[in-house]
Amino acid sequence: MVESSPEVQHGLQDVVALESRICFIDGHQGRLIYDGYDIRDLASKSNFEEVAYLLWYGRLPTGDQLAALRARLVELRQLPAAMAERIDSMPATATPMDVLRTAVSELALFEPEETRPGPSSIGGAQRLTAVLPSILGQFHRRRAGLPPLTTRPDLSHASYLLYALLNRDPSELEGRALDVALILHADHELNASTFAARVTASTLSDLYSAVTSAVGTLKGPLHGGANERVMELLDEIGTPERAEEVVKSKLARHERIMGFGHRVYKVEDPRATILREWSRRIGESKGDLHYYELLRKVEEVVHREKGLYPNVDLYSGSVYTFMGIPHDLFTPVFAASRVAGWTAHVLEEYQDLRLIRPTAKYIGPTDLPYVPIAGRN
Ligand code: SDX
């Protein structure tokens with residue numbers, strides 16, 4: 001593996017690539033701020049629609065502005081009929097993140113650029129944020145044999161997402177838990193998928209292409225895909241008594257324990273702190289603390305053995321599992337939230353455009369003589 005050197009910051013670690021007003025992470029204090037507001041305040045007092053407005057406009061909405069955004073997001077939930085047919089034609093066994101990446105890309109075919117809101121407008125951001133739950137619901141309902149999706153104007157964004165996936169209205173506790181999870185996942189500075197979106201936008205490519213890049217990037221297990229693998233680990237461990245043995249054997253094989261560690265946080269991810277409490281609350285409400293207790297034990301072992309802290313992906317899956325959301329929809333749920341942050345960063349990139357193009361330190365040979373193919377062996 002190429003090591004970092006004075007010229008090369010492997011993985012662009014600690015490289016400050018640009019200025020942004022959207023998100024601040026204090027990795028040493030464990031603080032996360034969206035446009036000046038601490039995530040703990042937003043998680044306890046706000047809602048996803050209000051946070052999306054904050055990310056896009058840089059300020060909290062008035063009552064009228066929030067009402068107008070909610071109404072606009074409801075209008076934009078509707079999939080074009082031809083797009084719904086395209087999703088229905090996708091293999092029921094397809095990976096949902098592949099479906100999402102494909103559908104976002106294909107949606108552009110039905111909403112040609114000349115009719116789409118211009119790059120600098122927030123219309124495209126609102127459209128993609130509103131329609132992602134519909135894409136996921138259209139796909140999952142068909143593979144699960146659930147009734148056709150309706151846009152349910154009576155439901156908030158978080159409740160619509162749960163209804164779209166599970167064909168039922170969430171309880172008040174579930175609806176609030178999912179709304180908080182969407183707030184927590186909405187943005188996170190220059191994480192890999194947001195950076196991918198900004199690189200795409202920096203070439204003046206369009207918003208749908210930028211979000212397609214981001215979805216493909218979020219899928220990776222070192223990034224958004226970790227939440228699904230945490231549940232696989234919990235199912236492998238089975239009981240709190242086996243946690244020590246299973247985790248230590250993985251660490252001995254230099255395997256990564258999903259849901260732990262972070263490039264920026266040197267202490268506990270503040271989102272994990274909040275999701276841990278929601279995992280306990282939801283588990284208690286269901287009379288089942290199995291996953292919560294298992295996660296607490298895994299946390300204890302990983303911190304003792306490796307000094308690592310949990311990140312946002314450790315507890316989110318236990319919250320979604322209690323709601324009945326299938327494991328392979330966890331990362332798509334992450335995407336349904338992060339699309340607000342991706343699009344906010346794309347709009348910011350358009351407003352202060354500079355082609356993102358770093359360089360590489362060349363380590364190969366130079367001046368090799370060209371040998372005709374007959375003379376090669
Ligand atoms: C997200 O960037 C963001 O903001 C992302 C995100 C967001 O909101 O967008 O926060 C969402 O992606 C959270 C992270 C989800 N991924 C995981 O949970 C996968 C497991 N975590 C690791 O792969 C890792 O911690 C990363 C990828 C998250 C960060 O890796 P880094 O910064 O490149 O750190 P590293 O790989 O250089 O590890 C440093 C040391 C190594 O030890 P040594 O080999 O030097 O002895 O810590 C060890 C690593 O082996 N280590 C782990 C570990 N994470 C780091 N060891 C075991 N399990 C882990 N999870």
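This report describes the ligand site and the domain arrangement of a predicted model.

Residues are numbered from 1 along each chain as its sequence is written, and side-chain values rest on heavy atoms, with hydrogens and water left out. Because the model is predicted, local features need pLDDT of at least 70 and side-chain atom pairs count only at pLDDT 80 or more, while totals for chains, interfaces and linings use all residues.

The domain assignment, which is automatic or from a database, divides the protein chain into domain 1 (20-220 + 327-351) and domain 2 (226-323). The contact between them (heavy atoms within 4.5 Å) takes 34 residues from domain 1 and 29 residues from domain 2. Taken over C-alpha atoms, the centres of domain 1 and domain 2 are separated by 25 Å.

The ligand is surrounded by 23 residues, of which H188, H262, R263, R271 and R338 are the closest; a residue is counted here if one of its heavy atoms lies within 4 Å of the ligand. Domain 1 and domain 2 each supply at least three residues to this shell, whose members by class are nine nonpolar, seven polar and seven charged residues.

| Residue and its atom | Ligand atom and distance |
|---|---|
| F260, backbone N or O | nitrogen, 2.9 Å |
| R271, side-chain N or O | oxygen, 2.6 Å |
| N311, side-chain N or O | oxygen, 3.0 Å |

Of the 1000 Å² of accessible area that the ligand has on its own, the protein covers 72%, with areas computed by the Shrake-Rupley method and a 1.4 Å probe.

Note on methods. A polar contact is a pair of N or O atoms within 3.5 Å; within protein, one must be able to donate a hydrogen and the other to accept it, and residues adjacent in sequence count only if both atoms are side-chain atoms. Ala, Val, Leu, Ile, Met, Phe, Trp, Tyr, Cys and Pro count as nonpolar, Asp, Glu, Lys and Arg as charged, and the others, Gly among them, as polar.
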